[in-house]
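Subject: Structure handover

Hello,

Here is the structure I promised to pass on. Please open it alongside this note.

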Amino acid sequence: MEDAWSEWGPWSLCSVECGGGTQYRTRTCEGRPDDCAGQQKMSRPCNLHSCKGEWSCWTEWSQCSVTCGKGFRQRTRHCLAVNNRQVEGTGCEGPFVSQEPCEMPPCQLKY
C-alpha cells in the first residue's frame, strides 16, 4: 500500500492571541480512501503566554511636593491592553505610581 497523502499544509492562525489556543494544519488524501491511513488534521497548542497587560513607559518625574524642606516627587504609568486590544482579565503586576524623596532649600523661619 502506497502512502497517498499530500504534504502537510501550513499551520493556521492561532485561535486566540494569548492564554493558550490551538492551531491546525491539514493534508489531503490524493488516492483512494483505503490508501490513506492516519490523520487528515493535526493540532498543536499556541500562544501560551499570559493575557495580562503590559505597562506603558513611566511619565517624567513631577516637581517636588514642597517648595522648601523635604518632600517627594512621583511618576506614573498605565496598564496597556494586550496587543492594543482590551482583553478580559487584563491587568498588570506592580505599582502604577513610583515615589522618591526630594529636598528643596531649607524653609526660612519667620519671627
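Which cysteine forms a disulfide with Cys-29? The partner is Cys-36, and the two sulfur atoms are 2.0 Å apart. Please keep in mind that this is a predicted model.

**Overall fold**

The protein has zero helices and six strands. Read from the N terminus, the order of elements is β-β-β-β-β-β. The protein has 111 residues, and 22% of them are buried. Take the contacts with a separation of 6 or more: residues 24 or more positions apart account for 56% of them.

**Disulfides**

A search of the whole structure gives five disulfides.

The link of Cys-29 and Cys-36 is right-handed, with 85° about the S-S bond. How is each end placed, buried or exposed or in between? Cys-29 is partly exposed, because its relative accessible area is 27%. Cys-36 has a relative accessible area of 13%, so Cys-36 is buried.

The next pair is Cys-14 and Cys-46, with sulfur atoms 1.9 Å apart. The link of Cys-14 and Cys-46 is right-handed, again with a torsion of 85° about the S-S bond. This pair links distant parts of the chain. Cys-14 is in the segment before strand 1 (21-26), while Cys-46 is in strand 2 (residues 41-46). They are 32 residues apart. Cys-46 is buried, because its relative accessible area is 8%.

Then there is the disulfide that joins Cys-64 to Cys-102, S to S 2.0 Å. Why is it right-handed? The torsion about its S-S bond is about 85°, so that is the hand it gets. Cys-64 lies in the loop between strand 3 (54-55) and strand 4 (70-76), and Cys-102 lies in strand 6 (residues 97-103), so the pair ties together parts that are 38 residues apart in sequence. Both Cys-64 and Cys-102 are buried.

**Other cysteines**

Cys-57 is exposed, because its relative accessible area is 70%.

Cys-92 is in the loop between strand 5 (79-80) and strand 6. What does Cys-92 contact, leaving aside neighbours within four places in sequence? The list is Gly-53, Glu-54, Trp-55, Cys-79 and Leu-80. Glu-54 is 38 residues away from Cys-92 along the chain, yet their C-alpha atoms are separated by 5.9 Å.

Cys-107 is in the segment after strand 6. With a relative accessible area of 41%, Cys-107 is partly exposed. Not counting residues up to four places away in sequence, Cys-107 touches Cys-68 and Gly-69. The C-alpha atoms of Cys-107 and Thr-67 are separated by 8.2 Å, and these two residues are 40 residues apart along the chain.

**Around Ser-56**

Ser-56 is in the loop between strand 3 and strand 4. Is Ser-56 buried or exposed? Ser-56 counts as buried, because its relative accessibility is 15% and the cut-off for buried is under 20%. Leaving aside neighbours within four places in sequence, Ser-56 is in contact with Arg-77, His-78 and Leu-80.

**Rings and charges**

How many aromatic pairs are there? The count comes to zero. There are charges over rings, however. The charged end of Arg-77 sits over the ring of Trp-55, 4.1 Å from its centre. Arg-77 is also one of the contacts of Ser-56, and Trp-55 is one of the contacts of Cys-92. Lys-41 lies over the face of Tyr-24, at 4.4 Å from the ring centre.

**One backbone point**

Most residues other than glycine have a negative phi. Asn-47 has a positive value, with phi near 45°. Asn-47 is in the loop between strand 2 and strand 3. At 29% relative accessibility, Asn-47 counts as partly exposed.

Best regards

Conventions: Residues numbered from 1 in each chain as written. Predicted model: local features only at pLDDT ≥ 70, side-chain atom pairs only at ≥ 80, totals over all residues. Heavy atoms only, no water. Disulfide = S-S within 2.5 Å. Helix = DSSP H or I, 4+ residues; strand = E, 2+ residues; numbered from the N terminus. Buried < 20%, exposed > 50% of the residue type's maximum accessible area, 1.4 Å probe, protein only. Contact = heavy atoms within 4.5 Å. Phe/Tyr/Trp six-rings, centres within 6.5 Å; stacked < 30°, edge-to-face > 60°. Lys NZ or Arg CZ within 6 Å of the ring centre and 35° of its normal.
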